[in-house]
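Here is a chain to go through by question and answer. Each label is set against its definition.

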Amino acid sequence: MVTIFQILFALIIIILIILFVFKIKRENEIVPLPENWKELLHDYVKFYQQLDESEKKIFEERIEHFLSAVQITGANAVVEDLDRILIAAGAIIPVFYISDWQYINLHEILLYPGSFNADFEQAGSDRPIAGMVGTGAMQHVMIINKWQLRQGFINNHDAHNTAIHEFVHLIDKMDGTMDGVPEIILERKYVERWRSLMDATIQQMKTYGSDIDMYGATNPAEFFSVISEYFFEQPGQLKTNHPDVYEMLERIYKTGK
Ligand SMILES: [Zn+2]
């Protein structure tokens, strides 16, 4: 028999659920884009500058969509308009030619001012303080260092861009493994070729040194992120120095083109 207490209990649960959902909704409230956001893109994002007018429009839509879906939270750092625009640019650049791309494995980005605490370093941060893609309890969270984020776009010819590096890890991870092979976008028939090309290049780096950042020789996952920074920042140089690698990256990133 249903007692008055049971009814009351059910009501309380329903109210709590409503409050909880409402709170989530409020936390995810869309922060409007700053008035000058297109100027920021134009001033800081080389990739955007090089697009034609219709592509710029698409890039802007993708930025808007990304920022409406992902929460960016400052952790002892103020999230400024420029930071939001640069993070979104770093997210869109690698997947620009893949029109239906969604970062389904990302819910929140934490912006750190300069360095991580020891706990996060142990969880596998990149090049001690630049950034990391979360695992375990930090699944679906990316941490990015504000200073490195900005340097990545200010120095746009040095083959280093932390935001691109971290988003490439997410793309790689989308198929379930972070192994340098983005099976979700790379056609199956090229997977083995890419895997052996990565291994061979890493071996070459270890033996002879390289113009590729040596951090890329850590493992195939780091190689893929490091070489992607190179691809997006200095494509001409990569094409000259490593034509096979360049060709495979074109296949990976420009599949939709
Ligand atoms: Zn990395």
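This is a predicted model: local features need pLDDT of at least 70, side-chain atom pairs count only at pLDDT 80 or more; totals for chains, interfaces and linings use all residues.

Q: What makes up the secondary structure of the chain?
A: It comes to 12 helices and four strands. Both are DSSP runs, numbered from the N terminus: helices are H or I with at least four residues, strands are E with at least two.

Q: How many of the 257 residues are buried, as a percentage?
A: Buried residues make up 35% of the chain. A residue is buried if 20 or more other C-beta atoms lie within 10 Å of its own, exposed if 12 or fewer, and partly exposed in between; C-beta atoms are placed from the backbone.

Q: Why is Ile 144 called buried?
A: Ile 144 has 28 other C-beta atoms within 10 Å, so it counts as buried. The residue lies in strand β4.

Q: What does Ile 144 touch?
A: Leaving out residues up to four places away in sequence, its contacts include Ile 87, Ile 109, Leu 111, Leu 149 and Glu 166. Contact requires C-beta atoms, placed from the backbone, within 7 Å.

Q: What makes β1 and β3 edge strands?
A: β1 (71-74) and β3 (131-133) each pair on one side only. Two strands pair if DSSP finds at least two bridges between them. The open sheet has the order β1-β2-β4-β3, with mixed pairing.

Q: How do you know that β1 and β2 pair, and in which sense?
A: DSSP gives four bridges between β1 and β2 (residues 108-112), and the sense is parallel. Gly 74 stands opposite Leu 111 in β2.

Q: Which strands does helix α7 lie across, and at what angle to β4?
A: Helix α7 (residues 146-154) lies across β2, β3 and β4, running at about 75 degrees to β4. Axes are lines fitted to C-alpha atoms, for helices over the stretch in contact, and angles run from 0 to 180 degrees between N-to-C directions. Helix α8 (residues 162-173) lies across β3 and β4, at about 10 degrees to β3.

Q: What makes α5 mostly covered?
A: Of its 12 residues, 10 are buried. Among them are Arg 84, Ile 87 and Gly 90.

Q: How do α2 and α5 pack?
A: Helix α2 (residues 37-44) and helix α5 (residues 81-92) pack at about 65 degrees, with their axes 10 Å apart. The contact includes Trp 37 and Tyr 44 of α2, and Ile 85 and Ala 89 of α5.

Q: What is the phi of Asn 76, and where is the residue found?
A: Its phi is positive, about 60 degrees, although Asn 76 is not a glycine. The residue is found in the loop between β1 and α5. Most residues other than glycine have a negative phi.

Note on methods. Residues are numbered from 1 along each chain as its sequence is written. Two residues are in contact if their C-beta atoms, placed from the backbone, lie within 7 Å.
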